[in-house]
Amino acid sequence: GAVRLAAHLIRGDDEEDISLYYAGAVLARDVEPGESVELTLRLRAPAEPGRYVLEFDMVSEHLSWFEDLGSPTVRHEFVVE
């Protein structure tokens with residue numbers, strides 16, 4: 001399947017998953033090991049104030065999340081006021 005960058009939305013206070021696929025971007029082409037590409041995600045802030053975490057992971061559609069295969073994720077904490 002297609003490989004995408006996905007952002008999980010997590011409530012920061014209790015680490016509760018809010019949305020497994022909050023936003024995503026498709027890789028336009030194959031990316032070789034060690035190569036990098038720039039992707040743009042458009043996100044809407046959650047409606048409720050509070051602390052949140054966006055956790056970024058790659059996914060091979062219908063196959064596996066990269067984290068499940070041992071790849072680290074990237075997390076970004078933010079606050080909605």
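In which strand does Glu55 lie? Glu55 belongs to strand β3.

## Model and conventions

This is a predicted model, in which local features need pLDDT of at least 70, side-chain atom pairs count only at pLDDT 80 or more, and totals for chains, interfaces and linings use all residues. Residues are numbered from 1 along each chain as its sequence is written, and side-chain values use heavy atoms, with hydrogens and water left out.

The predictor's confidence in each residue, pLDDT, runs from 0 to 100. The protein averages 92, and 99% of the residues score at least 70. Among the elements, strand β2 (residues 16–26) has the lowest mean pLDDT, 91, and β5 has the highest, 96. Where pLDDT is low, the predicted coordinates should not be read in detail.

## Overall architecture

The secondary structure consists of zero helices and five strands, in the order β-β-β-β-β along the sequence. Helices (H or I, at least four residues) and strands (E, at least two) are DSSP runs numbered from the N terminus. The C-alpha trace spans about 40 × 25 × 20 Å along its principal axes.

Of the 81 residues, 26% are buried; buried means under 20% relative accessible area, exposed over 50%, and partly exposed in between (1.4 Å probe, protein chains only). A contact requires heavy atoms within 4.5 Å. Among contacts between residues at least 6 apart in sequence, 53% join residues at least 24 apart.

## Surface and charge

The protein exposes about 5900 Å², and carbon and sulfur atoms supply 49% of that area. Accessible areas come from the Shrake-Rupley method with a 1.4 Å probe; for residues, only the protein chains shown count as cover.

There are 7 positive and 17 negative side chains, and the centres of the two sets lie 7 Å apart. Lys and Arg count as positive and Asp and Glu as negative, while His and the chain ends are not counted. Each charge is placed at NZ of Lys, CZ of Arg, CG of Asp or CD of Glu.

## The aromatic pair

Rings of Phe, Tyr and Trp (its six-membered ring) pair if their centres lie within 6.5 Å; planes under 30 degrees apart count as stacked, over 60 as edge-to-face and the rest as tilted. By this rule there is one aromatic pair. Tyr52 and Phe78 form it, stacked, at 5.7 Å centre to centre with 20 degrees between the planes. The pair links distant parts of the chain, with Tyr52 in strand β3 (residues 50–60) and Phe78 in strand β5 (residues 74–80), 26 residues apart. Tyr52 counts as buried because its relative accessible area is 4%.

Glu55, in β3, is buried at a relative accessible area of 11%. Beyond its neighbours within four places in sequence, Glu55 contacts Ala6, Ala7, His8, Ile10, Glu67, Thr73, Val74 and Arg75. Glu55 and Arg44 are eleven residues apart in sequence, and their C-alpha atoms are 15 Å apart.

Ala25 is in strand β2 and is buried, at 10% relative accessibility. Leaving out residues up to four places away in sequence, Ala25 touches Arg4, Leu5, Leu39, Thr40 and Leu41. The C-alpha atoms of Ala25 and Leu39, 14 residues apart along the chain, are separated by 6.8 Å.

## Positive phi in loops

Most residues other than glycine have a negative phi, and most peptide bonds are trans. Glu15, in the loop between β1 (3–11) and β2, has a positive phi near 60 degrees. Glu15 is partly exposed, at 42% relative accessibility.

His62 has a positive phi of about 65 degrees and sits in the loop between β3 and β4 (64–65). His62 is exposed, at 80% relative accessibility.
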